[in-house]
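Subject: Structure for you to look at, with notes

Dear colleague,

I am passing on the structure we spoke about, together with my notes on it. Please open it alongside this message and read the two together.

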Amino acid sequence: MKIIILGAGRVGGTLASNLASEANDITVVDSNEGYLRELRDRIDIGVVAGHASHPEVLLRAGIEDADMLIAVTGVDEINMVACQIAHSLFRTPTKIARIRSQEYASHPGLFRPDALPVDVIISPEQIVSAYLFRLIEQPGALQVLDFAEGAVQLVAVRAYYGGPLVGQELRFLRKHMPNVDTRVAAIYRRNRPIMPTGSTVIEADDEVFFLAAKQDIRAVMSELRRLDRPYKRIIIAGGGNIGQRLAEQLENNYSVKVIENNETRCLALTERLSKSIVLLGNSSSQELLAEEHIEDTDVFLAVTNSDEANIMSSMLAKRMGARKVLTLISNPAYADLVQGSDIDIAISPQLATIGTLLTHVRRGDIVNVHSLRRGAAEAIEVIAHGDSRTSKVVGRAIEDIDLPEGATIGAIVREASAEDYRDSGVRSDMSLGSTGKTYQYQEVIIAHDDVVIESGDHVILFLVDKRYTRDIERLFQVGFTFF
């Protein structure tokens with residue numbers, strides 16, 4: 001694909017690196033020539049210096065025959081105007097815009113072909129706050145990713161000494177939990193991937209990725225580590241867009257305090273938040289943290305715009321007794337340096353965002369992409385189409401599917417009427433679907449060798465090496481006879 005990316009910042013740069021490695025024709029536009037020079041030195045892409053929404057600059061970038069425009073500058077208005085110009089002057093097929101302001105994003109009628117022609121809106125702040133919210137919902141998890149609108153979750157946990165399954169083969173998992181079905185998709189041991197089999201022995205300190213229906217996640221986690229007690233008291237350092245969104249999501253079920261050092265922003269937060277306590281001050285102040293009883297805090301979340309401020313306040317909070325510390329870090333070098341020290345989980349906002357962008361770039365009917373392990377691995381949700389004649393997966397048992405190296409099918413989500421499941425007599429974990437059809441349900445089927453894939457199934461795969469993503473796309477393509 002020929003893709004033009006507007007904005008060479010952290011999100012745009014990370015996206016360019018991901019897409020360039022997949023043999024796409026990438027051109028990045030930015031007014032900062034230093035950013036462009038740094039990108040061009042690292043990856044094989046085209047660069048254009050100039051104002052991202054000017055027609056002449058877009059022409060120099062090759063907009064006339066581009067397949068996709070992705071506008072991810074730091075200014076919403078530039079992103080929106082660039083999409084409008086791409087549509088009106090050049091009829092660019094797909095236009096994606098980063099929209100940070102809730103004032104724009106909260107009016108969906110604004111973004112349509114006869115108004116502002118933006119096909120896909122990306123809000124990094126919304127994505128990151130949802131990501132943090134899921135981590136708080138599942139205490140002890142390193143990552144929690146949703147598939148099939150939350151019916152299935154992929155969870156990463158660190159296996160601890162004393163966990164019931166630690167030191168045992170994976171095939172004993174079903175014996176331990178006869179009423180819960182799960183699939184271990186991958187294990188990382190000393191940062192190296194292991195493709196799990198029934199005879200794989202889980203060792204303490206392994207990072208284990210498993211898939212299960214959402215309601216079964218806690219039961220599976222209990223087999224790998226001592227369960228953390230549910231969180232109650234939360235302090236959020238930073239009252240920007242992410243801090244505000246997170247407080248709004250949490251305040252009805254948790255005791256939330258927000259620390260913000262800007263007085264005007266504090267006043268705005270007190271108007272927007274109904275139950276949270278808003279504190280004016282510096283989150284790196286030892287006196288303030290002591291006054292707010294940091295030692296009794298379950299989770300300290302540092303989500304300011306400064307990596308350095310987030311790291312320093314997090315390390316201070318942890319050493320003063322905060323039970324769990326989650327820190328937003330944009331610089332990947334910092335994240336690798338501090339993860340697992342005083343900071344329990346380092347979250348990269350650009351990596352959290354990149355999966356949503358990749359969903360719209362991938363070929364085939366891919367509805368979810370999550371970038372994992374600093375972008376080295378991916379988890380993908382793809383819909384199977386066709387029949388046994390036109391598809392390489394439909395009508396075949398999982399054991400008969402020719403998956404690329406390092407790929408694992410972890411789960412399938414299948415829709416059918418409630419009557420179908422009642423008539424089958426088989427117990428299934430079902431949740432109400434969102435298709436709008438009457439009596440539609442979702443059945444979560446954990447992948448075993450004899451499971452046969454049907455047309456319309458949402459298939460969830462884990463790839464330890466994202467270089468094989470294109471092979472997965474080809475595998476799920478439908479032959480011409482289908483049409």
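Predicted model: local features only at pLDDT ≥ 70, side-chain atom pairs only at ≥ 80, totals over all residues.

By residue class, the lining of the second largest pocket divides into 23 polar, 18 nonpolar and seven charged residues.

Turning to helix α8, which spans residues 217-224, you will find that its buried residues are Ile217, Val220, Met221, Glu223 and Leu224. As a general point, an α-helix has 3.6 residues a turn, so residues three or four places apart point the same way. What covers the buried residues of α8 includes the strands β8 (152-158) and β11 (207-213), as well as helix α7 (173-176).

Ala148, although it is not a glycine, has a positive phi of about 50°, and it lies in the loop between β7 (143-147) and β8. With a relative accessible area of 4%, Ala148 is buried. His293, also a residue other than glycine, has a positive phi near 55°, and it is found in the loop between α11 (286-291) and β15 (299-302). The relative accessibility of His293 is 44%, so that His293 counts as partly exposed.

As for charged pairs, a search of the whole structure finds 23 salt bridges, and I describe some of them here. Asp119 forms a salt bridge with Lys95, in which the closest N and O atoms are 3.2 Å apart. This pair links distant parts of the chain, since Lys95 sits in strand β5 (residues 94-98) and Asp119 in the loop between α5 (102-105) and β6 (120-122), 24 residues apart. Lys95 counts as buried at 3% relative accessibility, whereas Asp119, at 44%, counts as partly exposed.

A second pair is formed by Arg158 and Asp205, with the closest N and O atoms of this salt bridge 4.0 Å apart. Because Arg158 lies in strand β8 and Asp205 in the loop between β10 (192-194) and β11, the pair ties together parts that are 47 residues apart in sequence. Arg158 counts as partly exposed at 25% relative accessibility, while Asp205 is exposed, with a relative accessible area of 54%. Salt bridges that share partners join Arg158, Asp205 and Glu207 into one network.

Finally, the side chains of Arg467 and Asp465 meet in a salt bridge, at 2.6 Å from N to O. Arg467 counts as exposed, at 66% relative accessibility.

Technical notes:
Residues numbered from 1 in each chain as written. Heavy atoms only, no water. Nonpolar A, V, L, I, M, F, W, Y, C, P; charged D, E, K, R; others polar. Buried < 20%, exposed > 50% of the residue type's maximum accessible area, 1.4 Å probe, protein only. Helix = DSSP H or I, 4+ residues; strand = E, 2+ residues; numbered from the N terminus. Contact = heavy atoms within 4.5 Å.
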